[in-house]
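Subject: Structure handover

Hello,

Please find the structure below, followed by notes on what was found in it. The notes begin with how the strands pair and then turn to the helices, the cores and the charged side chains.

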Amino acid sequence: MPGLVPGIHVFLSKGVDGRDKPGHDEAERRCTMLARDEDILKAAEDWRKDGRGVALATVVETWGSAPRPVGSNLVIDEEGNFLGSVSGGCVEGAVVTEAIDVIDSGKPKMLEFGVADETAWKVGLSCGGTIRVYVEKVS
């Protein structure tokens, strides 16, 4: 799977006892959304060293019920590979799309997603809260 950083995959398909659920292929269980902040920033650094265009998205404000706290990060490369999470999966697709634009233009963006926003329903943020995400190019 391109863009994955070895050693920091999180397996979300676990049974109540904490063991992997039987019958699930490892590739299906592999998730790069949840990782430690150090791993996300290290991936950004490594991806830049590899010559990739990279953007960093950071949750800068939350209101109400927000899926991830302020300071949560998502690193994205020019091909749409990513590591981390700004919303637990609710708006990552939209953030990745905007991050690719930021990589191409070099101009940072402030994104806002909330339940009252029509865009939020399209991308799945229906938790009742609002998040503001700052996206910047890593140079």
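Strand E3 (residues 54-63) and strand E4 (residues 73-77) run antiparallel and are joined by five bridges. Two of the facing positions can be named: Thr58 is opposite Asn73, and Val54 is opposite Asp77. Please bear in mind throughout that this is a predicted model.

E3 also pairs with strand E7 (residues 130-138), again in the antiparallel sense, over nine bridges. There, Leu56 has Glu136 of E7 as its bridge partner.

E4 in turn is joined to strand E5 (residues 82-84) by three bridges, and these two strands run antiparallel. Val75 stands opposite Leu83 in that pairing. The two strands E4 and E5 make a hairpin with four residues between them, and Gly80 in the turn has a positive phi of about 90°.

E7 has a further pairing, with E6: six bridges, antiparallel. In this case Leu111 has Val133 of E7 as its bridge partner.

Put together, these pairings give an open sheet of five strands in the order E5-E4-E3-E7-E6, with antiparallel pairing. E5 and E6 are the edge strands, each pairing on one side only. On average, neighbouring strands of the sheet are turned by 20° against each other, direction ignored.

Is E4 mostly covered or mostly open? It is mostly covered, with five of its five residues buried. In a regular strand, side chains alternate between the two faces of the sheet. For E4, both faces are covered: Asn73, Val75 and Asp77 are buried on one side, and Leu74 and Ile76 are buried on the other.

Helix H2 (residues 37-49) lies across E3, E4, E5 and E7, and runs at about 20° to E4. H3 packs on the sheet as well, touching E3, E4, E5, E6 and E7, and its direction makes about 55° with that of E4.

H3 has 14 residues and spans 20 Å from its first C-alpha to its last, close to the 20 Å expected at 1.5 Å a residue. Its buried residues are Glu92, Ala94, Val95, Val96, Ala99, Val102 and Ile103. Just after H3 comes Gly106, with a positive phi of about 80°.

Next, the nonpolar cores. The largest has 18 residues, of which Ala57, Leu74, Val86, Val95, Phe113, Val133 and Val135 touch the most other members. At least two residues of this core come from each of E3, E4, helix H3 (92-105), strand E6 (109-114) and E7. H3 gives the largest share, six residues.

Leaving aside neighbours within four places in sequence, Val133 is in contact with Ala57, Thr58, Val59, Val60, Val86, Val95, Lys109, Met110 and Leu111.

One is between Asp46 and Lys42, whose closest N and O atoms are 2.8 Å apart. Both residues lie in helix H2, four residues apart, or about one turn of the helix. Residues three or four places apart in an α-helix point the same way, because there are 3.6 residues a turn. Asp46 counts as partly exposed at 26% relative accessibility, and Lys42 is partly exposed with a relative accessible area of 44%.

Another salt bridge joins the side chains of Glu61 and Arg132 (2.8 Å, N to O). This pair links distant parts of the chain, with Glu61 in strand E3 and Arg132 in strand E7, 71 residues apart. Both are partly exposed: the relative accessible area is 31% for Glu61 and 24% for Arg132.

Arg132 also meets Glu112 in a salt bridge (2.6 Å, N to O). Arg132 lies in strand E7 and Glu112 in strand E6, so the pair ties together parts that are 20 residues apart in sequence. Glu112 counts as partly exposed, at 40% relative accessibility. Through shared partners, the salt bridges join Glu61, Glu112 and Arg132 into one network.

Regards

Terms used. Residues are numbered from 1 along each chain as its sequence is written. This is a predicted model: local features need pLDDT of at least 70, side-chain atom pairs count only at pLDDT 80 or more; totals for chains, interfaces and linings use all residues. Side-chain values use heavy atoms; hydrogens and water are left out. Two strands pair if DSSP finds at least two bridges between them. Buried means under 20% relative accessible area, exposed over 50%, partly exposed in between (1.4 Å probe, protein chains only). A nonpolar core is a set of buried Ala, Val, Leu, Ile, Met, Phe, Trp, Tyr and Cys residues joined through side-chain atoms within 4.5 Å. Contact means heavy atoms within 4.5 Å. The expected span of a helix is 1.5 Å times one less than its number of residues. Axes are lines fitted to C-alpha atoms, for helices over the stretch in contact, and angles run from 0 to 180 degrees between N-to-C directions. A salt bridge is a side-chain nitrogen of Lys or Arg within 4 Å of a carboxyl oxygen of Asp or Glu.
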